[in-house]
Amino acid sequence: MEALYLLIPLSILIVFLAIWVFFRASDSGQFDDLKGPGARILQDDDRPGK
């Protein structure tokens, strides 16, 4: 029972930390262009010198 006094606040802290990391990444533009990098890898660009 004593372990719950530590684990419940710790789990709440981890959840708020995960939410904060998500919103910080969202505000910085991390999720703005989700399809661009996936489409860019499919473009065939075999020019020499690159």
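Q: Hey, which residues form one aromatic cluster here?
A: That would be F22, F23 and F31, which form one aromatic cluster. Keep in mind that this is a predicted model.

Q: Thanks! How many aromatic pairs does a search of the whole structure find?
A: The search turns up two aromatic pairs. One of them joins F22 and F23, with an edge-to-face arrangement. Their centres are 5.4 Å apart and the planes make an angle of 70°, which counts as edge-to-face because the cut-off for that class is over 60 degrees.

Q: And F22, what does its relative accessibility make it count as?
A: F22 counts as partly exposed, because its relative accessibility is 45%.

Q: What about F23, and why?
A: F23 also has a value between the two cut-offs of 20% and 50%: at 48% relative accessibility, F23 counts as partly exposed.

Q: Where does F23 lie in the secondary structure?
A: F23 lies in helix α1, which runs over residues 2-27.

Q: Switching topic: how many helices and strands does the protein chain have?
A: The chain comes to two helices and zero strands.

Q: Which residues does the "transmembrane region" annotation cover?
A: According to the UniProt record, an unreviewed entry, that annotation covers residues 6-23. In the model, this stretch is 100% helix and 0% strand, and its end C-alpha atoms are 26 Å apart.

Q: Nice. What radius of gyration does the protein chain have, against a compact globule of 50 residues?
A: The chain has 21 Å, whereas a compact globule of 50 residues would have a value near 10 Å. Along the principal axes, the C-alpha trace spans about 65 × 20 × 15 Å.

Q: What share of the residues is buried, then?
A: Buried residues make up 2% of the 50 in the chain. The accessible surface comes to about 5,100 Å², and 66% of that belongs to carbon and sulfur atoms.

Q: Now the other helix. Where is I41 found relative to α2?
A: I41 is in the segment after α2, a helix that covers 36-40.

Q: Is I41 buried or exposed?
A: I41 is exposed, because its relative accessible area is 69%.

Q: Last one, on charges: how far apart are the mean positions of the positive and negative ones?
A: They are 8 Å apart, for 5 positive and 7 negative charges in the protein chain.

Technical notes. Residues numbered from 1 in each chain as written. Predicted model: local features only at pLDDT ≥ 70, side-chain atom pairs only at ≥ 80, totals over all residues. Heavy atoms only, no water. UniProt positions renumbered as here; feature names shortened; annotations may be inferred. Helix = DSSP H or I, 4+ residues; strand = E, 2+ residues; numbered from the N terminus. Phe/Tyr/Trp six-rings, centres within 6.5 Å; stacked < 30°, edge-to-face > 60°. Buried < 20%, exposed > 50% of the residue type's maximum accessible area, 1.4 Å probe, protein only. Rg over C-alpha atoms; globule rule 2.2 N^0.38 Å. Areas by Shrake-Rupley, 256 points an atom, 1.4 Å probe, with all protein chains shown as cover. Lys, Arg positive; Asp, Glu negative; His and termini not counted. Charge placed at Lys NZ, Arg CZ, Asp CG, Glu CD.
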